[in-house]
Amino acid sequence: MSAAAEVTLLGVRHHGPGSARAVGAALERLRPDVVLIEGPPEADAVVGLAAEEGMVPPVALLAHAADDPSRAAFWPFASFSPEWVAIRYATGRGVPVSFIDLPAGYGLAPAPDPAPEAAPGPAADAAGTEHGPSAVETVDAPDGPGVPGGTSAPSAGAGTESDDASGFDPIGALAAAAGHADPEAWWEDVIEHRLPGSGPGADPLAPFQAVAEAMTALRERYPAGRRDELREAYMRQALRAAKRAGHGRIVVVCGAWHVPALATLPTVAHDRALLATLPKKVRTEVTWVPWTHRRLSQHTGYGAGIDSPGWYHHLFTAGADAPSGGTAPADGAAVGGGATDAGSRALALWTTRAAELLRAEDHPVSSAHVIEAVRLAETLAVLRGRPLPGLPETLDAILSVLCDGSEVALELVRERLVIGDALGEVPDGAPTVPLQRDLARLQRSLRLKPEPEPRELALDLRKENDAARSLLLHRLRLIGIRWGQRTQDAVRATGTFRESWRLHWQPEFAVDIAVAAQWGTTVEAAATGRAVELAAGADGLPQLTRLVEDCLLAGLPAALPPVMRALADRAALDTDVAQLAEALPALVRALRYGDVRGTDGSALAAVAHGLADRICVGLPPACVGLDAEQAAVLRGHVEGVHAAVALLTADAAGGAGEAVDAVPGGRPAGAAGAGGAGAGEDASGGVPVAPGGSLADRWAGALRSLARRQPGAPAGVGGTAGPGAAGAVPGLLRGRAVRLLLDGGRIDSAEAGQQLGLVLSHANPPADTAGWVEGFLAGSGVLLLHDPELLALLDGWLSTVPDEVFTDVLPLLRRTFAALEAGVRRTVGEQVAAGRLGAAAGLVGPAGTPVVEELDGERAEAALPVLRLLLGLAQPAGAEAGPGASAGTATSGTSSGTGSAGAAVGTADAAPHPRIPRQTDRRSA
C-alpha cells in the first residue's frame with residue numbers, strides 16, 4: 001500500500017473505467033502535494049497541455065528520436081485511463097505532476113545486444129490487459145532491455161532468473177484462485193464495474209490495498225524480468241527525488257504489478273548498478289497527438305489491445321455520471337449482489353444508444369424493445385452469477401431483442417458503439433514540426449477536416465478549391481501519408497477533370513509527418529525533396545515514369561527537371577521491352593494530365609515517342625518463348641501500350657484520332673480494308689518497314705507481326721514441327737493482337753474469322769487455341785453476338801475437341817467466358833442451345849465464306865397465324881381459323897430465303913378469327 005506515511009501507491013490497470021473511478025476518489029481523499037505517474041519523463045515538458053480546453057481524449061504522447069523520427073513510441077490515453085484521470089486532477093488543481101517510468105530515450109536507442117529478449121507475456125499486469133502493452137506502443141523499437149513500455153508481464157530474457165515465468169497472466173492467476181474460469185469477467189466484476197463508496201465507513205483506498213496484497217503474493221512466486229527490474233529501479237530513483245524535494249504527500253499511479261517493487265526500497269547503490277547497464281540515451285522529442293478508440297482496440301501496431309473502448313468509455317462517463325473533467329464522483333454505491341441504480345441507468349442508456357443506431361439504419365426498434373432488452377440483460381447477469389450485466393450479457397440481449405437474431409445488425413453495434421470512432425483533439429499550442437503546422441493550415445484553408453471514419457470525396461479539377469485539394473492529397477501520397485486513396489469515379493465520364501478519393505485519417509500519420517519533415521518544412525517542399533530522392537534511387541524505368549506522373553499530378557514543377565533527366569538517361573540505356581511497355585502508359589498519362597492541369601509536358605513527348613518506337617520494333621521478338629504466366633503479364637503491357645499509342649496519335653492529329661482506337665469497336669476513317677496491309681507494314685510479315693509512317697501504322701505492324709507468328713505442329717502430328725515453331729508467340733498474345741487490330745479498324749470481321757478458323761484447326765494444340773480465344777474475347781464478348789459466324793466457328797471447334805484434351809482446355813475456356821458480361825454469356829448460351837448460329841458449325845466454303853443453313857419454310861409458315869393474331873392483323877383467305885378447325889391444305893406462294901417452297905395450313909371456308917382491338921380502332925369508334 002505505502003512504503004512510508006507520506007507515500008501512497010495506487011496500483012491500477014491501464015485503460016480500466018473502474019480503476020479510473022477509484023483513482024479519482026482516492027485523489028480527492030488524499031489531496032497530494034505531487035503526483036507521480038508511470039510514463040516517459042520526457043513528457044513532463046508537455047504534460048501541462050492536458051489542462052487546456054482544446055485537449056480532448058483519446059490522445060497519445062508521441063516520443064521519437066530527434067535524428068530519426070521513424071523510431072517512435074506512443075503512450076495512448078483515453079478518458080477512462082487512470083493515468084489520464086490523475087493528470088487532469090493534478091493539472092486542474094495546480095499540483096505538480098511528473099512521469100517516472102524509464103525514459104523513452106533508452107528504448108529508442110540502438111540495442112547493444114543483437115540477441116533479442118523474449119517478448120513479454122500476453123498479460124502484462126493488473127495495470128494492462130491480457131493483450132499486451134497498453135500504455136505504450138512502439139514503432140520500430142529495438143529489442144532488448146531498453147524498450148519503453150507501460151506494462152509488461154514477468155518475462156524471460158537474457159540475464160533473467162525467471163525463464164519459467166514467461167507468459168504468466170497475473171489476472172488469470174487471481175481469477176483461478178477465486179474460482180473463476182474467465183479472468184476478464186472476474187476482473188470486470190471486481191474492479192471495472194465497481195463504484196467507489198462514499199458512506200461513513202467507506203475507504204476509497206481499500207481496493208488499492210487489496211490489489212497490492214494480491215500482487216505481492218504473486219511476485220513472491222513469479223519474479224520480475226530484466227526489463228521490469230530496470231523500469232522499477234528508475235521509478236524508485238524518481239520516488240527518492242520527490243522525497244528529497246520536500247513533498248509531504250506523494251501519490252504514485254502505476255501498474256499494479258510494480259507496486260510491491262516500489263513499496264520496499266532497496267539501496268540506492270543497487271538501483272544505480274542496474275541502471276548503469278542501460279544503453280546510451282538518445283535525444284528525443286515529445287508531443288501530444290490525437291488518438292482514436294479504434295486504435296485502442298487493436299492488439300498490434302499502434303493499438304492498446306482493448307476489445308471494447310467504446311463500452312469502457314460509456315461505463316466511465318454514463319455509468320458513474322463522471323464529469324467531463326475526467327474524475328468520477330464518489331457518491332456511487334458499491335456494487336452488491338444485484339444491479340445498482342447507476343448500473344441500471346448505464347445499461348438503459350447504452351441500450352437506448354444501440355436502438356438509436358439501429359433505427360438510423362432502418363431497423364425497426366421500439367421503446368418496448370429497449371425495455372425488454374434491459375430486462376433480459378439483467379436476467380442473464382443473475383443467471384450467470386454476475387453482479388452487473390457486462391458486455392457479453394448486454395450484447396446477447398441486444399442480439400435477441402433489438403437485432404432479431406441478426407449477426408449483421410449486431411456487428412454494426414460492435415463497430416459503432418462497442419469500439420467506436422471517437423477522434424481526440426490536441427490544442428494548437430502542442431509542439432509540432434513545421435511540416436505539421438503547414439498541413440494543418442492547408443486543411444483549414446481547403447476545408448478538409450481529418451476524420452476517423454472513411455468518407456468519399458469527389459473533386460472537380462476545374463474548380464480552384466477542388467484542384468488545390470487534389471494537389472494536397474497527391475503530395476501527401478508522395479511523402480508517404482496516404483490520407484486519401486484514389487477510387488473509381490461513380491460518374492462514368494471520359495474527361496480527366498474528375499477525381500474520386502476515399503479519405504481516412506489515421507493517428508499514426510503523426511509519425512509519418514515527423515519522418516517526412518526531413519525533406520522539407522512545407523508539404524510542397526517535402527514532396528519535391530522526396531521526388532528528387534526517389535528519382536535518384538529508382539530501380540527501373542517504370543518507377544521513373546510513374547514518378548513523373550506523380551509529379552505532374554502533385555503540381556511539383558521544381559521536381560520535374562531532375563526527374564526528367566533521370567528518366568531520359570534510363571530510357572536511353574534500358575533494352576527490356578517489357579519494362580519499356582510497362583513504362584509508356586504512365587508517361588502518356590503524365591502528358592495528358594499535364595494538359596488538363598495547365599502544366600507544360602512538352603519535354604515528355606520526345607521520350608514517349610522514342611519509347612513507343614522502340615516497343616514497336618522489339619515487341620514481336622520479345623513475345624517469343626514465353627510461358628503462360630509471362631504471357632499474361634505481357635498481355636497487360638500490350639493493352640496499355642495500345643491505349644497509350646492511341647493517345648499519342650490523337651495528340652499528334654490535334655485530337656482527331658488516328659487509325660488505332662483504344663475503345664473496342666471503334667472504326668476510324670481511313671482504316672485499312674479487309675485483309676489489307678496498312679501503311680508502313682510489310683504485307684508478307686507485318687513488320688514495320690516504312691520509317692516515315694505514322695506511329696499508329698508502326699504499332700499496327702507490330703500487332704500484325706504478333707498475330708502471324710503461329711506455333712509449330714505438336715508432337716506426333718506430321719512427325720516434325722512446323723516452320724513457325726522457333727518463332728511462335730503464345731496464343732494469348734496472338735489472339736489479343738488480332739482483337740486489337742479488329743477494334744482499331746486494321747482488319748475486318750472476315751479476316752478475323754479467317755484467323756479464328758486457322759487457329760481452330762485440329763493441327764494446333766488445344767491449349768494454345770484456348771489461349772488465343774481468351775486473348776481474342778478479353779474485355780468484351782459482344783463481338784460474338786454481332787458476328788454469329790465467329791460464334792459458329794468457336795462452337796464447331798469446341799464440339800470436336802477430343803475427350804482426353806477437353807478437361808485440360810475447360811479451365812481456360814471457363815476463365816475466358818467468366819470474364820464476359822453476364823448478358824453476353826446468357827445470350828451466347830441461348831443461341832448455342834437453340835442451334836441458331838447463322839452458319840453450319842465449323843463449315844467454311846472454298847472462298848472463306850460460311851455455308852448458310854437453309855430456312856425451313858414449312859416451320860416458318862406455321863408461325864404466321866399466331867403472329868398475325870398477336871399483331872391484330874387480318875387473317876388472309878385460306879388461313880387457319882384457329883383451334884379446332886378442320887385441317888385442309890393450300891399451297892402458298894411464299895418461298896424461303898434459299899428458294900425452297902413453303903406450305904401453309906388452313907381452311908377455305910373458315911370464318912375470320914376475332915382479332916385483338918387496337919388503339920386506332922378505339923379512336924375511330
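Reader: What volume does the largest pocket have?
Author: This is a predicted model, in which local features need pLDDT of at least 70 and side-chain atom pairs count only at pLDDT 80 or more, while totals for chains, interfaces and linings use all residues. Residues are numbered from 1 along each chain as its sequence is written, and side-chain values use heavy atoms, with hydrogens and water left out. A pocket is an open set of points on a 1 Å grid where a 1.4 Å probe fits, with protein on both sides within 12 Å along at least five of seven lines. Taken as the space filled by probe spheres set on the points, the volume of the largest pocket is about 1100 Å³.

Reader: Which residues lie nearest the centre of the largest pocket?
Author: The lining (residues with an atom within 4 Å of a point) of the largest pocket comprises 37 residues. Nearest the centre of this pocket lie Pro290, Val426, Gln436, Ala440 and Gln443.

Reader: Which element gives the most to the lining of the largest pocket?
Author: Two or more lining residues come from each of strand S3 (59-65), strand S8 (284-290), helix H16 (434-445) and helix H18 (509-516), where helices are DSSP runs (H or I) of at least four residues and strands (E) of at least two. With six residues, the element that gives the most to this lining is S8.
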